[in-house]
Amino acid sequence: MNIDTLLPMLLTVIAAATPLLLAAIGELVTEKSGVLNLGVEGMMLVGAVIAFAVTVGTGSAILGIIAAAFAGIALSLVFGLLTLTLMANQVATGLALTIFGIGVSSLIGSSYIGTPVEKLAVLHIPGLSDIPVLGPLLFGHDILVYASVAITVLVAWFLKSSRAGLILRAVGESDLSAHSIGYDVIKVRYLAVMFGGLCSGIAGAYLSLSYTPMWVEGMTAGRGWIALALVAFASWRPWRVLGGAYIFGGVTILQLYLQGAGGIGIPAQVMNMLPYLATIIVLTVISAGPWRGRLDAPACLGKPFRPAS
Amino acid sequence: MVVMTQRHMLHWRYRVLRGLGLGMEPSDKAVKEHPRLELSGITKAFPGVIANSDVGFKVAPGEIHALLGENGAGKSTLVKQIYGILKPDSGSILWDGREVDIPSPHAARALGIGMVFQHFSLFEAMTVLENVALGMDDPGKDRVALAKRIRQVSESYGLPLDPAREVHTLSVGERQRIEIVRCLLQSPRLLVMDEPTSVLTPQEVGKLFETLRKLKSEGCSILYISHKLNEIKELCDGATILRGGKVVAACNPREETARSMAQLMIGAEFRSVARREGGKDAGPVRMELKALSMAPEMAHGVPLKSINLSLRGGEILGIAGVAGNGQGDLLAAIAGERKAATAGAVVMDGKPVGRLGPAARRKLGLCTVPEERNGHGAVPDMSLTDNAMLSAHKRMGFMKGGFLDTAKSRSFAAEVIKRFDVRTPGTETAAGSLSGGNLQKFIVGREILQKPEILVVAQPTWGVDAAAAATIQQALVDLAATGSAILVISQDLDELLTLSDRIAVINAGQVSEAMPAATVSVEEIGLLMGGIHGTPEKGAA
């Protein structure tokens with residue numbers, strides 16, 4: 001395999017990894033605050049269709065991305081209202097949000113099927129982008145690819161080194177302790193859920209504006225679920241989410257190439273399972289091995305917060 | 001008795017004066033100043049209950065003031081209002097003579113109020129440093145500097161702490177230090193402590209009291225909540241007694257006896273546990289542990305190391321020890337929740353049962369009460385009737401041809417509620433909605449009323465008030481008198497000394513020789529609890 005076939009392959013890996021990374025890093029922040037939002041897939045779909053519609057309507061992809069971010073936040077606020085304020089079950093509400101997102105996105109998107117849109121422009125960095133091989137690989141991407149990495153770096157710093165990040169982790173670790181010291185658990189969780197919605201919306205925008213610049217019903221094709229698996233796969237650590245997103249993206253692309261190459265006897269469905277299988281294996285190994293107890297799952301994940309009195 | 005008390009007082013006075021470095025009594029100073037904290041007319045109602053009704057008292061600068069009361073007397077609700085977690089419905093809080101509003105814990109800390117919680121407000125997966133930083137409003141950006149301050153302050157008050165350690169690796173005593181140091185770093189002027197000694201060894205209690213006296217000598221006031229009346233006599237300058245949400249009395253603990261304070265608390269004649277003189281004519285061996293060893297169940301736990309123990313019919317054997325020294329695994333190994341490596345490691349009435357599960361062991365006449373009430377001793381979301389069914393259906397015959405006889409189980413639950421004075425609306429109430437003390441009464445009562453051959457109880461009176469504790473303890477003594485063998489695993493040394501015929505100590509997974517309770521000294525047990533065998537510690541309190 002020479003460099004001419006490898007380079008496009010690597011570029012597609014980056015493209016496949018970006019929506020996973022965006023959605024997963026948002027969900028990681030949500031889960032670190034102790035909230036499990038299974039509505040990632042739905043929020044991505046709504047983000048995708050809104051980004052597409054706004055871009056087609058205004059001609060501005062940036063406006064489309066911003067609109068997608070707000071759409072994601074709006075859906076996450078519905079989730080927050082139900083689970084945080086009204087204390088509905090998080091798992092059931094998250095599943096409902098996904099189903100709701102599928103429906104709403106189909107409804108909005110029905111008139112856009114077949115409409116073309118210009119692919120999100122590559123940010124050309126003079127000098128750097130023109131370096132052979134490395135140029136297109138590292139500096140030949142659109143704004144969302146850079147944004148996904150930048151958000152990951154920021155989230156890693158935020159959780160590890162900022163006071164607000166410490167409070168966020170504390171709320172996910174023991175909501176009752178945080179409450180008794182005087183932190184507003186519900187407010188922190190609302191903010192974390194909204195950040196998750198924002199990231200999911202942008203991840204959706206990436207799909208409909210860059211990955212495949214068009215609107216297709218159900219175009220996330222399970223990526224929201226892979227993002228959820230990715231958070232657990234990465235044992236709730238931002239840098240591992242970054243690595244995991246690229247591994248999972250690579251597996252997706254590898255599968256496409258193998259299919260194209262006539263297959264090596266492995267059915268495509270088996271390859272599709274790989275991200276989930278990898279998550280199960282990693283979780284099993286971590287929970288059974290000597291790292292037991294160091295899984296780093298937030299202790300209050302998925303539990304509603306009810307102050308004692 | 002009177003002579004003892006006076007000597008105690010003199011000793012204490014001497015210490016305080018030395019601590020102050022002055023010849024002035026703290027109360028003399030208080031006259032000239034406003035009280036540090038003055039509550040008046042505090043009323044707080046929840047749906048269905050009035051938790052506090054017209055509560056008022058004063059705490060002088062440099063005073064250690066006790067807040068006494070049974071479970072549900074409204075102590076925790078009251079201090080939550082002082083710390084800004086709850087808002088009073090009416091009434092006023094005066095701070096240094098000025099009326100203040102405390103809308104949040106942040107506001108409380110800004111005034112100089114620190115709080116050490118009964119159930120620690122700590123984050124297990126985080127470091128000491130992070131936990132301290134979370135409890136402060138302005139920890140500063142520089143974490144290295146904060147770590148240094150933690151070391152300095154913790155050492156100067158005799159509470160050494162390593163800022164880099166993660167909380168889940170620390171003992172309960174060390175965890176409490178984090179809470180205290182967290183308060184001290186903010187130079188508190190009033191420290192609220194909710195049941196601080198229930199988890200400490202006698203030596204740790206001594207150390208804590210030194211710290212508190214040092215704080216007092218620096219002018220810090222302390223509001224001290226405890227069930228342990230002897231401690232209050234030793235430590236506190238004044239006491240306010242709550243009953244049913246109201247102030248029923250104020251007293252000087254040093255002029256009262258533990259008994260008189262207990263009576264003020266419960267508002268009735270206090271019956272102490274009537275112990276038979278037993279132990280000598282103990283019956284046959286009912287249960288034996290033979291070289292029982294086991295790896296810890298939880299990461300960071302201690303393994304059980306070759307434990308030998310024999311328990312006779314009619315005796316109560318107490319196992320003292322600081323939490324986290326293998327008590328949980330020991331109970332699980334006896335209950336059958338965890339199986340021993342060999343059947344012979346656990347023997348009941350001559351039968352090797354080490355490889356049997358809990359149901360099989362219960363069938364042989366064993367009943368157990370685990371330490372954790374919610375989720376281990378009881379299913380929180382199920383009713384008391386169903387919880388009675390779960391543990392008692394075999395022994396009490398609540399099953400008929402494979403079907404549950406709920407009526408029988410309900411009347412059994414009702415009997416437990418009546419006999420052990422469980423405060424609950426009824427038998428169909430969810431176990432999780434009972435207060436900790438009341439659920440404890442229910443769970444212990446449920447096992448005792450099954451008249452087990454062998455009963456193993458962890459922390460029988462944890463969080464239970466004096467009167468109810470006496471009821472539970474009396475029931476245990478009466479059960480032993482019928483020939484049952486009872487093993488009590490507890491951190492409460494006073495309780496073990498009251499109840500037990502013999503006492504053994506568990507430390508780092510090893511169990512000491514059982515000693516006759518009548519002759520053993522508290523110091524001896526305390527040293528064993530601290531892991532010191534035989535040789536007295538240098539400069540031990």
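Start by selecting chain B, which has 18 helices and 23 strands (DSSP runs numbered from the N terminus: H or I of at least four residues for helices, E of at least two for strands). You're looking at a predicted model, where local features need pLDDT of at least 70, side-chain atom pairs count only at pLDDT 80 or more, and totals for chains, interfaces and linings use all residues. Residues are numbered from 1 along each chain as its sequence is written, while chains are lettered from A and ligands numbered from 1 in the order in which they are written.

Stay on chain B and colour by burial: 48% of its 541 residues count as buried (20 or more other C-beta atoms within 10 Å of the residue's own; 12 or fewer is exposed, in between is partly exposed, with C-beta atoms placed from the backbone).

Next, zoom in on helix H10 of chain B, residues 258-266, and pick Met261(B). Met261(B) counts as buried because it has 23 C-beta neighbours inside 10 Å. Now show its contacts (C-beta atoms, placed from the backbone, within 7 Å): beyond neighbours within four places in sequence, Met261(B) touches Leu68(B), Leu229(B), Pro253(B) and Glu256(B).

Finally, bring in chain A. Here 13 residues of chain A are in contact with 19 residues of chain B. On the chain A side, select helices H7 (163-173) and H8 (175-181), each of which supplies at least two residues. H7(A) gives the largest share, 4 residues.

How values were computed:
Two residues are in contact if their C-beta atoms, placed from the backbone, lie within 7 Å.
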